[in-house]
Amino acid sequence: MNKIELNGVSVLYPVFENPKARSLKNVLAKRIIGGNIYEENSKNYIRALDDVTLDIKSGDRYAITGPNGSGKSTFLRLVAGCMEPTHGLINRVGKISSLLNLSMGLDGDLTGLENIELRGGLYNFTKKEIKKFEEDVLEFSELEHFAHIPVYQYSSGMSLRLAFGMSTYVAPEILVIDEIISVGDLDFEKKSKKRIEDLMNRTNILLLASHSKQIREDYCNKQINFNKGKIEILKI
Amino acid sequence: MIFFFDFVDATRKWRVWSSLAKFDILKRYKRSFLGPWWITLAMLFLILAIGILYSQLFKLDFAKYLLYLSINFAIWTFMRDSILESCQVLIDAKALLFNEKWNFLIFSFRVVYKNLIIFLHNIIIFILLAIVLVDELTLVNLLISVCTLVFLILFLLPVCILCSLINTRFRDFYMIMSNVMQLLFFLSPILFNKQLLESYNWLLYINPLALFILLINEPILINQFHFNYLIYLLCYFTFFTCFTAFLFAKYKNKITYWL
C-alpha cells in the first residue's frame, strides 16, 4: 500500500547571502512574493511550508495549485524525497519518481545516445536494460537519425522530446509532476500526451502541479491549494 | 551507522557513479584526436621537464629520477584532484539533487573513481619505465604496493565525503584546501628524496598523503616497507572515517538546504 503522510511539516530555508534582514530588498520581497521571511536567533529564514499535515493514500490524484512562492515546489521536492523537512515528520511508502525538472542531467556536449546511456546508468540499469531503454527512447522520440549528434545541436523541440522520453520511461508507484504535460509539435503532442497518461494511469498516487484548469480536471480528483506555506484541500 | 548504511548502498549503486565518472572523462576529451591519452601525454611532458632540470640541480641519475617522479606524480595527482574536486561535487550536482532522492555519497565515489581512471592512464608511464629500469621486483613487494593503493582508495572516500560536506556549507573551504594542497606538495617527498628531510622527518608523519606516496613507491623502488607508516595511516583513516560518519549523520538532512 503506497502512501505519504505529513505530520506538522514545516520547511525553513536558511538565507546565507544576506545577514541583515532589514534591508529594503527584504522588506519589499516580503510584501510582494508569497513566502515569509522570518527571523530566529538572529538568523534569516524563508518559511516555505508552514505546519502542513496531510495523508495521501493510494488512488489519490492531487492537483497542486497556488501563487508563485506559496510552497508548491518545496512541497513537491519534499514528497519526491529530495529534501527532508526542518520541522515535523514525513513518511513515504512506495517507489517515487518525479518530473520536476525535465532536462535533469541532459548534457549538451554528449550525443543523444550517450545521454540515454548516462541516464540509464543513473537509473542503475544493467547493460541489457540500457539497450532496451535506448531503443524505447529513440523510437518514442523519433530521433533515431540524430542519435550520434551532440544534444547542443538539437533544436529545442528535439531535446525536449529526448528529455521527455527518458523521464517517462520508468513507471513509479508515486508520480510527482511539476507543470509538464506535453511537448513538441502538434503530432508529437498527441504522442507525448498518451505516454504521460499511460504513466499516470499506472501509478497509484499522482501529485500534479498545474496552472491549467483543464489539466487539473482531466487528471485529478482532489486539489491542494497553497497560500504562504499553508494548505487548503479543495474538491474538484 | 547512517553513514555505513549509505556507504554500502553507494557501493551497490556502482553503475550510477561509474557511468557519471565515465562520461565526465569522455566529455572532457570530446572531439580531441588523442582523447583520454592526453592525460598520459601531459604527465609525460611534465615529468620530462621537471626530470631534466631537477636531475641536474640535485645531481641525480636522470633515468632513476624520472622513474621516481613518474610514480610520485601519478599518486599525488590522484590524491590532490580527488580531494579538490570533491569539494565542489555536490554544488555542481544541484540540478540532479533537486530532482529526486539521492544518496549523497555517490558523488564522492564518482570523483574518486574518475580520478582512479586518470591515475591508471598516468601510471602507464611508470610501468613502462619500471620494466626497463627496475632490476629486481619481487611479487610480494608488488602486492604490497597494490594493496596500499587499494587502501588509499578506501582512505580517500571518507576524506572526499568530508570535503564535499564542509565545502557545501562553507564555500571558503575549497580555497583553503587548494592552498593547503599546494603547500603539502612541497612538503611531501615528491620532487626530493625523503632522506633530505633529516631532522624535519616529522613532517612526513603529520602528512598522510606523503606517507601514502612512500608506502606505495618504496616497496617497488628500494625494496623497503615501513610498518610504522602503515600504523600512522590506519590511525588517520580511523579518525577521518569516524569524523565523517559523525558529521554526515548529523547534517545529512541539511545538505539540500546548503546548496
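1. Chain A splits into domain 1 (3-32 + 48-99 + 215-235) and domain 2 (112-209); such bounds come from an automatic or database domain assignment. The centres of domain 1 and domain 2 of chain A, taken over C-alpha atoms, are 26 Å apart.

2. On conventions: this is a predicted model, in which local features need pLDDT of at least 70 and side-chain atom pairs count only at pLDDT 80 or more, while totals for chains, interfaces and linings use all residues. Residues are numbered from 1 along each chain as its sequence is written, and chains are lettered from A and ligands numbered from 1 in the order in which they are written.

3. How many residues does each domain of chain A bring to the contact between them? Domain 1 of chain A supplies 23 residues and domain 2 of chain A supplies 18 residues, where two residues are in contact if their C-beta atoms, placed from the backbone, lie within 7 Å. On the side of domain 1 of chain A that touches domain 2 of chain A, two or more residues each come from β4 (61-65), α2 (72-80), β6 (96-99) and α7 (213-219) of chain A. Helices (H or I, at least four residues) and strands (E, at least two) are DSSP runs, numbered from the N terminus. With five residues, α2(A) gives the most to that side of domain 1 of chain A. By type, the residues of this side are 13 nonpolar, six polar and four charged; Ala, Val, Leu, Ile, Met, Phe, Trp, Tyr, Cys and Pro count as nonpolar, Asp, Glu, Lys and Arg as charged, and the others, Gly among them, as polar.

4. Chain A holds an open, mixed sheet of six strands, in the order β6-β7-β8-β4-β9-β10; two strands pair if DSSP finds at least two bridges between them. β6 and β10 (230-235) of chain A are at the edges with a single partner strand each, so one side of each has no neighbour in the sheet. On average, neighbouring strands of this sheet are turned by 20 degrees against each other, direction ignored.

5. Within the sheet, β4(A) pairs with strand β9 (residues 222-227) of chain A in the parallel sense, over four bridges. A:A63 stands opposite A:Q223 in β9(A). Against this sheet packs α2(A), which touches β4, β6, β7 (174-178), β8 (205-209) and β9 of chain A, and its direction makes about 155 degrees with that of β7(A). Axes are lines fitted to C-alpha atoms, for helices over the stretch in contact, and angles run from 0 to 180 degrees between N-to-C directions.

6. Chain B has twelve helices and zero strands. Its C-alpha atoms fill a box of roughly 55 × 45 × 35 Å along the principal axes.

7. The contact between the chains takes 18 residues from chain B and 22 residues from chain A. α2 (14-28), α5 (94-97) and α12 (255-258) of chain B each give two or more residues to the side of chain B that touches chain A. The largest share of that side, six residues, is from α2(B).

8. Which part of chain A has the lowest confidence? Helix α1 (residues 24-32) of chain A does, at a mean of 59, whereas helix α4 (residues 127-141) of chain A is highest at 93; pLDDT is the predictor's confidence in each residue, from 0 to 100. Where pLDDT is low, the predicted coordinates should not be read in detail. The mean pLDDT is 84 for chain A and 93 for chain B. The model scores ipTM 0.85 and pTM 0.89.
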